[in-house]
Amino acid sequence: MDTATTVLDLVGVFLNALLGGTVARRDRLDLFGFLVIGIASGLGGGLIRDVLLQHGPPAALTDPAYIPTALAGTGVAFLLDISPPDWSRAFKFLDAAALSVWASVGAQKTMGVGLGRLPAILLGTITAVGGGAIRDLLLQRVPAVLQDTRWYASVAVLVAAVEVLGIATGFPVAGTVAAITLGVLLRIVAEWRG
Amino acid sequence: MDTATTVLDLVGVFLNALLGGTVARRDRLDLFGFLVIGIASGLGGGLIRDVLLQHGPPAALTDPAYIPTALAGTGVAFLLDISPPDWSRAFKFLDAAALSVWASVGAQKTMGVGLGRLPAILLGTITAVGGGAIRDLLLQRVPAVLQDTRWYASVAVLVAAVEVLGIATGFPVAGTVAAITLGVLLRIVAEWRG
Amino acid sequence: MDTATTVLDLVGVFLNALLGGTVARRDRLDLFGFLVIGIASGLGGGLIRDVLLQHGPPAALTDPAYIPTALAGTGVAFLLDISPPDWSRAFKFLDAAALSVWASVGAQKTMGVGLGRLPAILLGTITAVGGGAIRDLLLQRVPAVLQDTRWYASVAVLVAAVEVLGIATGFPVAGTVAAITLGVLLRIVAEWRG
């Protein structure tokens, strides 16, 4: 991954750990509960992807930036009472960018180890929504992806598909830019209509 | 795996994705929910097995037939209102065959990478019932294997054990035939007594 | 792992399978349910750790002592009605030792394959509490680690951190002894304060 992708990937980790922390607060968990939910939300999707790819230990364990970033997001949510309704437009924009980057990175990595297009779309989507699904399971909720009313998972599938199309047609950079742009726009439309 | 085994393995993927879809319908999930439950039901057991074996990416990701087969089973269940009580005898026979093939294939693969007999029985069973357990967890049900009233998981253990016995005594082909035949017969008896 | 560590590791498997069995009894599961819960409780944490480390099949599958030990613990809990309130002081001491050994072994293994200190603390903790979390998920309970009122998971984090400190400062043996001693003492204090 290049630097811009890594930065956006880590932004996703931070924001999803923060979001996990707001859910932990709603459920009145203690500090340990915050940490479990924050780490699962921020790192879970990438961990599942890397375990399925079977190409060495997950990036979340080998790159020293990931765990601290997840802990930082969780820590902010533990110290400050941030709740989703308060989220500013900037926040929603970053959240949309993170979802799109995760779906795009997951698809890229999958094709990068020589797997096909459908597995790339599948693992791109899992990267983007897997952490939230683990969080929901731990908190005994039916995972949000099963009733995709907020079009979160559907956008992840589309982003991963555009990314795969870009790689398959020989335009990986343009594909990534198009995939992430499309993802952010669709998320903004979904929130606006929501 | 030889061709006959692969075909039966894929029949299992199709049928379990279809079965997952009928459960998704009962829970009134949307299309995305159908896809998640169908893929988890059809591919989940093999994914867990291959992740535990640590011998390269899961067959469900490397063999291009698996994801489309799971999607096809899910798609049929989304389009047609098939419910388990309607299942014909042919359907139940195929279901029994798939369970037995999955348990047999899981045990074979485990011994094939040099692991022992108990791990082979364990992973054969996980292959056969793991997808259903993930489906139940996602849908917030206590997994059916914990109260094996329908003798599903018990039959999987027996099939895997007979498969292991065949390999250990030097009669792998006879063992597989015996294991799958036994599994189908026991499932039919269990349904008939049910 | 040296012999003493392996023995304590297996003591942990036996005790946690036994503990899983007592939970299975409370939920009136059948024999198969006992086996699933006992194996998940006894082997689950180590399985998650080894799958994340991506260094060959999990020890629970390659070392022939693990599955039988988990089955033995489950079998005792199935045959005898042991309930946690009856547990003697010796039992609680062994339980505290097993938690500490699991956290220490998990951290050791992680650093042993070249990963860093934070991943080592994370995987040490997952080794120690992961099996119980899987058990809780299967039984549709909110995992105990999310409300760490009994200070189980917090002690695991501390034990793993002391273990990492010992390795990082060049005193691995002293670190392990200190980590496990601290873990046992803290568990005893936590139980005593109740």
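Me: How many salt bridges are counted between chain A and chain B, and what makes a salt bridge?

Reply: The count between chain A and chain B is zero. A salt bridge needs a side-chain nitrogen of Lys or Arg within 4 Å of a carboxyl oxygen of Asp or Glu. This is a predicted model, where local features need pLDDT of at least 70, side-chain atom pairs count only at pLDDT 80 or more, and totals for chains, interfaces and linings use all residues. Side-chain values use heavy atoms, without hydrogens and water.

Me: What makes residues of chain A and chain B count as in contact?

Reply: Contact means heavy atoms within 4.5 Å. By that rule, 23 residues of chain A are in contact with 26 residues of chain B.

Me: What is called buried area here, and how much do chain A and chain B bury?

Reply: Buried area is the accessible area (1.4 Å probe) that two parts lose on being put together, summed over both. Chain A and chain B bury about 1,800 Å² between them, 72% of it on carbon and sulfur atoms. In chain A, the residues that lose the most area to chain B are A:Leu52, A:Gln54 and A:Leu146, together 33% of what that side buries.

Me: Why do the copies meet through different surfaces?

Reply: Only 17% of the interface residues of chain A are also interface residues in chain B, so the surfaces differ.

Definitions and conventions
Residues numbered from 1 in each chain as written. Chains lettered and ligands numbered in written order.
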